[in-house]
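Please describe this structure for a reader who has not seen it before.

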Amino acid sequence: GILFFRQAHVSAATHSHTHTFFRQMNKVSILCLTFVVLAVMASASELRGESIFKGIFGGSCPDLPVQSDFSVPNYLGAWYEIQRFNYFAEEKLDCVVANYTLKADGTVNVYNIGRQGSVTGPFKGIQGYAYPPDASNPAKLLVKFEFSPFANHWVLSTDYKNYALIWSCTNVLDIDRYEVAWILSRTPTLDSATVTKLRNLLAGEGVDVSKFVVTPQAGCKYTP
């Protein structure tokens, strides 16, 4: 009888915590799995002289202000990458150009191309598409490339004719974020005053602009 009483008591005392316990265990399992996957990807990246962790920062993604009255048609065309946060997908990629065209279904075709290893290295391109999930806020685009999930592509600032500042942030569970930014230009060069202005805009929002690296564009040939 005593054993039964103890079992019943324990059961009554712990039953209400059972689901909470398993939810916590599920979160721990997912977190461990995430770290395992990142570790494997990091190991593979390091073998190539890359680092997958260059875009990871503490805390969740902030809600940065974007370009007001953003016009997708005016944003279309070719953009040369001037600076970027260095991350694994663009590691050691020079002469990077992003090309945006309008598709028949209203989404934006995205084709990014660069040269691997040097300005004379082999071409490396990737195809994707983008669209604004909220038509009332078209500057907050979602972009999807081959074999990758959707990611934010927020246009923070652009004059359409000269420069664009792009920011992307993805929450990693509830503990971290993966953050990347780009400074783009309609030409292979951009004046230093504009670059400084765009960096300061990001810094004013609490983004660590020391993560920017310069994308080589001098001496590039952009067609295969």
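The link of C61 and C169 is left-handed, with -90 degrees about the S-S bond. This disulfide joins C61 to C169 with an S to S distance of 2.1 Å, where a disulfide is a pair of cysteine sulfur atoms within 2.5 Å. The pair connects distant parts of the chain, 108 residues apart: C61 is in the loop between β1 (56-58) and α2 (72-75), and C169 is in strand β8 (residues 163-172). Helices (H or I, at least four residues) and strands (E, at least two) are DSSP runs, numbered from the N terminus.

The model is predicted: local features need pLDDT of at least 70, side-chain atom pairs count only at pLDDT 80 or more, and totals for chains, interfaces and linings use all residues. Residues are numbered from 1 along each chain as its sequence is written, and side-chain values use heavy atoms, with hydrogens and water left out.

C61 is partly exposed, with a relative accessible area of 22%, whereas C169 is buried at 3%. Buried means under 20% relative accessible area, exposed over 50%, and partly exposed in between (1.4 Å probe, protein chains only).

A search of the whole structure finds two disulfides. The other one to describe joins C95 to C220, with an S to S distance of 2.0 Å. Its ends also lie in distant parts of the chain, 125 residues apart, with C95 in strand β3 and C220 in the segment after β10. The torsion about the S-S bond of C95 and C220 is about -80 degrees, so this disulfide is left-handed. Both C95 and C220 are buried. With the bonded cysteines of the chain numbered in sequence order, the pairing is 1-3, 2-4.

Strand β2 (residues 77-85) is mostly covered, with seven of its nine residues buried. Its pairings are listed below; two strands pair if DSSP finds at least two bridges between them.

| Partner of β2 | Sense | Bridges |
|---|---|---|
| β3 (residues 93-102) | antiparallel | four |
| β9 (residues 176-185) | antiparallel | four |
| β10 (residues 212-214) | antiparallel | three |

Single residues show how these pairings line up. R84 stands opposite W182 in β9, and the bridge partner of R84 in β10 is V213. Y80, found in strand β2, stands opposite V97 in β3.

Y80 counts as buried because its relative accessibility is 17%. Leaving aside residues up to four places away in sequence, Y80 touches V96, V97, I183, L184, S185, R186, T187, P188, Q217 and Y222. Contact here means heavy atoms within 4.5 Å. Y80 and T189 are 109 residues apart in sequence, and their C-alpha atoms are 8.0 Å apart in space.

Helix α3 (residues 192-204) has 13 residues and reaches 18 Å from its first C-alpha to its last, close to the 18 Å expected at 1.5 Å a residue. That expected span is 1.5 Å times one less than the number of residues. Which residues of α3 are buried? They are T194, V195, L198 and L202. These residues cover an arc of only 105 degrees around the axis, which puts them on the same side of α3. The arc is that of the directions from the helix axis to the C-beta atoms. An α-helix has 3.6 residues a turn, so residues three or four places apart point the same way.

What covers the buried residues of α3 includes β2, β7 (151-158), β8, β9 and β10. The face of α3 turned away from its buried side carries the exposed residues S192, A193 and G204. Just after α3, G206 takes a positive phi of about 90 degrees.
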